[in-house]
Amino acid sequence: MKKLAVKALIPAVMATSIFSTPANAVAKFKINDESSVWISLLLQLRGEWIEDGQVDGSGWRSDFYIRRARILFGGNITKNVDFFVETDNPNMGKDQVITDGTKKIIKSNNNAKTFIQDAWIRLKFAKEFNLVFGQILLPFSHNNATGATSLLGLDYNLTVVKFPPTSNFVWRDYGVEVMGLVKLPTGSLDYRIGLFDGVESLNDTGTGVSINKDDNYRLTGRIQYNFFDSEGFYYKGTYLGKKKIVSVGAGIDYQKDAAADDYDNPTQVDDYKAWTVDLFIDYPLASGDVATFEAGYINYDYGNLHPNDGTAIYAQAGYLFNKKIGIGKIEPIVRYQSFDSSIAGNDVTDYYLGFAYWIDGFRANLKAEYKINDSDGKDQDVLYLQAQILF
């Protein structure tokens, strides 16, 4: 009888998975008319070839590793309460360069750990007013608030994200956020603002200097005007023609007494302030092709105390051809990112030339990029190749 019940259950679960699964989820299980849970998996496998990267500083060094391996789990408790939890195990097997006396050692990092990266509960009082609690992706720029499952290029514009070193965990922070989408006569307004832990308190009894001695909150917020379609909780780097997006956005990030010259042994402290403006266009054309462009400017103010004090610019563009070549569609992609630090010797500039080969959208794709590096004290190009599955 038990075996019969299990056999009867399997087709029901499969039917639920196939017909009522949210995008990319492995399985969705309906509990009642308002409650359901789902699970998904993201896997990004990468190879890279680093110029002058061999142990003696010459030649091209190859490195194969797991860029991201994430389990995504979420659901609805009621129509007004949902949640999301995500784990990650980034850069598993990535080469580490270790100096030990006269020896220089290159070995794979097999000690990477799986951890919880996102964990939040959302109360949806209305489309215009949601309350979110937990470990939340900071609502600052379009770039940092984009989900890793749906990037345009091979990765984020990492160079331009300069949050205080001890203020976040992979761009997430713990706190509470108010967010909503307000429909306007033309377009819509997406707003998000939250109070977070930010930089925690530190008192150096040796110097008598304290970071955030009054346990001040971090205030982070973002507003985005959408001319056409709106976006979701996590933004995307492209919608592959499924939405028409033209948006302009702005963000702020502030915490009193959270900027320091050294976050382990501070001698000077100031207020931390940052602001950004950005533009995002993801436009499907009459031909079925899709043109994508994103750009942003960020100003970080650490009171000229820290190398993260400075300005950042990023831009990226892609053009998706609506014609299959083999089993997928080609999209040439270019990216630019730079950071100009107020502290000498910390400037970074990177150019990327590459393409995406969309086999099944974000569910299966290949990406390749060549990075031309032009930074202070470093000129090391890198070739990347990455395969992604999401289901």
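These legends walk you through several views of a predicted protein model.

View 1. If you follow the C-alpha trace along its principal axes, it spans about 70 × 50 × 50 Å. Of the contacts between residues at least 6 apart in sequence, 58% join residues at least 24 apart.

**View 2. The surface and its charges.** The accessible surface comes to about 18,700 Å², and carbon and sulfur atoms account for 61% of that area. Buried residues make up 45% of the 391 residues. Look for 40 positive and 48 negative side chains; the centres of these two sets lie 12 Å apart.

**View 3. The largest nonpolar core holds 44 residues.** Phe163, Tyr263, Tyr272, Ile298 and Tyr300 touch the most other members. Among the strands that give two or more residues to this core are E8 (129-137), E14 (245-260), E15 (269-284) and E16 (290-301). Strands E17 (310-320), E19 (328-341) and E20 (348-358) also give two or more each.

**View 4. A closer look at Tyr272 and its neighbours.** Leaving aside residues up to four places away in sequence, Tyr272 touches Phe163, Pro164, Arg218, Asp253, Tyr254 and Gln255, among others. Its contacts also include Ala258, Ala259, Tyr300, Asp301 and Tyr302.

**View 5. A second, separate core has five residues.** Here you can find Ile50, Tyr352, Val382 and Tyr384 among its members.

Conventions: Residues are numbered from 1 along each chain as its sequence is written. This is a predicted model: local features need pLDDT of at least 70, side-chain atom pairs count only at pLDDT 80 or more; totals for chains, interfaces and linings use all residues. Side-chain values use heavy atoms; hydrogens and water are left out. Buried means under 20% relative accessible area, exposed over 50%, partly exposed in between (1.4 Å probe, protein chains only). Contact means heavy atoms within 4.5 Å. Accessible areas come from the Shrake-Rupley method with a 1.4 Å probe; for residues, only the protein chains shown count as cover. Lys and Arg count as positive and Asp and Glu as negative; His and the chain ends are not counted. The place of a charge is taken as NZ of Lys, CZ of Arg, CG of Asp or CD of Glu. A nonpolar core is a set of buried Ala, Val, Leu, Ile, Met, Phe, Trp, Tyr and Cys residues joined through side-chain atoms within 4.5 Å. Helices (H or I, at least four residues) and strands (E, at least two) are DSSP runs, numbered from the N terminus.
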